[in-house]
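Q: Take a look at the structure below. Some of its labels deserve a check.

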Amino acid sequence: MRSVSVTDLKPGMILARTIVNDDLIVVLSENTELTPSHIKRLNSLDVPFIYIKDEYELSSNFLSVAALFNPADAFISEYKEVVDTAKGLIDTLTNGGDEQSVYETKCLVHESLYPLAHDSGVIDHIFELNHLASDVYNHSLRVAILSGVIAKWMEFKPAEVQDVILAGFLHDIGKSKLPPELSSMRSSAVPEDKLDDYMVHTLEASRILRDCPNLPAGTIEAAAQHHECMDGSGYPLGLKGERIHRYARIIALADFYDNLTTEVEGERRATPFAAIEEIARLMYSKLDPNVCIPFITKIKMTFLGSRVLLSNGMIGTVVRYANGIDAQPLIRINEATIIDLNEYRNLSVIEYNPK
C-alpha cells in the first residue's frame, strides 16, 4: 500500500485501510473504489492523506502469494470464491427453487461452508471479512459460517451442524421481497414507520422455503423465527422460550454478533469484546443462555495472543481472562504492566488486531 495526499486522489483508486473519524464512526471502508463524491467528502473532512492499494497488491500474483503465506488471506480467498455461487443460489431459490437448486445449495454447505466453519482461525477470519460487504448475500454467508461454529461448540453432530449452516445461509432469503432501501438495512436501523414492512421478511422467508423441496423443517422454522426473542419480545409471532426452534436461537446469536461487528459506513463498528459484553447483557432476556454461554466461553479463548489498541493509545496483547464470567480480558502492555479491563472501566479496546 502507499499513502496518498487527498489532493492527489483519483477516482478508481482502491482504499487500503478503513477511514474512521474521531468518534470511531466509519467514513469509508477498506476496499472501497473511490468515486468523485468520496474524494469530495474526504476533502471536506480535512483528511490529510489515506492509504490506497498499489498495482502489485491488486495483482492476481500478489493475491495468490498472500493466500499461500497468510491463513486469513487463504480463508478470505476461499470465501470470495463462493460469494457469486451463493448469490446465484439465493436468487434461484427466491424465484421458485426446484430439487436441483436445493441439491446445489446443500452441496455448497457440505463442500465449502462446512469446511470454512471448521477452520482453526475462523473467528478472526470472519472479523477480517466484515469490512468486505454488508449486503444480504455476504451477511448470509457470514451468519451461516458463524452458526456452524456455534453448533460445533455446542457439540452438535456433523449432520446437524450442516443443517444449522444451511439455515443460517437461508435465514434472510425473505429480504428479497422487500424494497431495496429496506432489504439492505439492519433491523436496528429501520425507521419506526417502516418496521411493519420490514418485519414481513421472516414470513416471506417461510413462504419461499416451504415451496422448496427437500429442505429440513428446522431450516424453514429458523428463517421464520430468527427475530423471535426468548422473552417473547421478538417478531413476527412473539414466540417465547422453548417455542422457538433451537436453530433459530443459534442464528439469532450469529446474526446479532455479525451485525455488531460488521463495518458499515456511518456507524461505529463494535470490537469482538464489546459484542461479547452486549451478548452477555442480553443472554437472560432476548437471547438463549444455552447458546450464549458456550459461545462466550469458546470465543474468548480464540482471542488469546491477539493484539489490541486501547482507548488510551496503548497497544497490548490479550493474555487471559480473570474468570469465566468476565467479558473483558487482561491486556499485557509490557513485561511489567498488565491491565484488567474489568477493573479499569474507563479503558476499552477500540481496535482488534490493529494494522
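A: The bend at a residue is the angle between two axes, one fitted to the seven residues ending there and one to the seven starting there. The model is predicted.

Q: Where is the kink in α4 centred, and how big is its angle?
A: The kink in α4 is centred on V109 and is about 35°. V109 is also among the buried residues of α4, as are L108 and L113.

Q: How do you know that the span of helix α4 agrees with its number of residues?
A: Helix α4 covers residues 99–117, which is 19 residues. At 1.5 Å a residue they should span 27 Å, and the end C-alpha atoms are 25 Å apart, so the two agree.

Q: What makes R249 and E242 a salt bridge?
A: The cut-off is a side-chain nitrogen within 4 Å of a carboxyl oxygen. For R249 and E242 the N to O distance is 3.3 Å, so the pair qualifies.

Q: Which parts does the salt bridge of R345 and E277 tie together?
A: The closest N and O atoms of R345 and E277 are 2.7 Å apart. R345 lies in the loop between β8 and β9, and E277 in helix α12, so the pair ties together parts 68 residues apart in sequence.

Q: Which residues do salt bridges with shared partners join into one network?
A: They join E242, R249 and D288.

Conventions: Residues numbered from 1 in each chain as written. Predicted model: local features only at pLDDT ≥ 70, side-chain atom pairs only at ≥ 80, totals over all residues. Heavy atoms only, no water. Helix = DSSP H or I, 4+ residues; strand = E, 2+ residues; numbered from the N terminus. Expected span 1.5 Å × (residues − 1). Buried < 20%, exposed > 50% of the residue type's maximum accessible area, 1.4 Å probe, protein only.
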